[in-house]
Amino acid sequence: MSERQWEGKPPSAVLISGGSGFIGSHLVRRLLEIGSKVICIDNLLTGRRKNVLELDESERFTFLEADVCNPIEPGLLEGVEWVLHLASPASPGKSPVSYMSLPFETLAAGSKGTWNMLEAARIADARFLLASTSEVYGDPEVNPQPESYWGNVNPVGPRSVYDEAKRFGEALAMAYHREKGLDVKIARIFNTYGPRMRPDDGRVVSNMVVQAIRGEPLTVYGDGSQTRSFCYIDDMVEGLLRLASSEHIGPMNLGSAEEFTVLELAELVREMVPEAGGIHFAPLPPDDPKQRRPDIALAKRVLGWSPRVRLREGLSKTIAWYRQEIGEGLSG
């Protein structure tokens, strides 16, 4: 866990979009644990109903299969103190649930969806948190990346549907803050991993772990020298809660400051999963970032937050979850 668990005042009610997705489902659970009422909106395009199915037993949890690209029903907003917008395809690559395979849906979630959730927050007089991304920095020419860095994004490349949707969402959120006085927080989330990532979602950790458990070669794009920083899901949820409850306005990086090459990640997974095959090198995708590491000085100073779960420990928990998932024959 982080340096200390968040001990703020729980919001009485939270409206969250994308709550049956990877990060969303963990955040929903944590909010229920601290006593909040949670209304989850998800169209299940990339989220999984099974991620939150058992939560239906809680009187404080409501699941609505709906699209945030449609206006939020005002009747849902009674007592809502936080509005958290996580809905969007978020996986790269060419998997069926990646943003490259769902370009129009990704652009719509970042534009119409963000607008509707901001309107919901305005109507409810609630705090608003946007789950943005490290992808707003593109293929960075600065390492690590601070919040002040404007990025190096290809606006017409294959990744742009996600990058620019999130950049638009950030601009829209700040316009709501400046023009309508909305309390806005923007979490620039760096690579996060852990249980409940879809086995077929195309992210590097899930790809490698699933391939390893199935005894297949691990796919490494390019020569594997590109770097990433991996934050375990429990640490990310802690950071999001602290940001949502803080007085900070605008963007804040959340992620691990530890940097690994993709090849180092592959070798660690192979070490931890004995049945893993070798390594298969594949061509590097267009606009794939060479470096990705957050400067988290702001989060440390304002939130008292920094990740505590080291990569080996987090991978061990993630591998155990995938062994059960794959063992049950669940591939989606």
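The buried residues of helix 6 (residues 262-272) pack against helix 4 (204-213), strand 8 (218-221), strand 9 (227-228), strand 12 (260-261), strand 13 (279-282) and helix 8 (311-327). Packing here rests on contact, meaning heavy atoms within 4.5 Å, and buried means under 20% relative accessible area with a 1.4 Å probe and protein chains only, with exposed over 50% and partly exposed in between. This is a predicted model, in which local features need pLDDT of at least 70, side-chain atom pairs count only at pLDDT 80 or more, and totals for chains, interfaces and linings use all residues. Residues are numbered from 1 along each chain as its sequence is written, and side-chain values use heavy atoms, with hydrogens and water left out.

- Helix 6 has Val 262, Leu 265, Ala 266, Leu 268, Val 269 and Met 272 buried.
- These residues cover an arc of only 165° around the axis, so they sit on the same side of helix 6; the arc is that of the directions from the helix axis to the C-beta atoms.
- Helix 4 is mostly covered, with 8 of its 10 residues buried.
- Among them are Val 205, Met 208, Val 209, Val 210 and Ile 213, along with Ser 206 and Gln 211.
- The cover over the buried residues of helix 4 includes strand 7 (192-193), strand 8, helix 6 and helix 8.

**A buried arginine**
- Look for Arg 159 in the loop between strand 5 (127-133) and helix 3 (160-180).
- Arg 159 counts as buried because its relative accessibility is 6%.
- Setting aside neighbours within four places in sequence, Arg 159 is in contact with residues including Tyr 99, Glu 135, Asp 287 and Asp 288.

**The whole protein**
- The protein has 8 helices and 13 strands, taken as DSSP runs numbered from the N terminus (helices H or I, at least four residues; strands E, at least two).
- Its radius of gyration is 19 Å, close to the 20 Å that the globule rule gives for 332 residues, so the protein is as compact as a globular protein of that length; the radius is taken over C-alpha atoms, and the rule is 2.2 Å times the number of residues to the power 0.38.
- The C-alpha trace spans about 55 × 45 × 40 Å along the principal axes.
- Of the 332 residues, 57% count as buried.
- Among contacts with a separation of 6 or more, 80% come from residues 24 or more positions apart.
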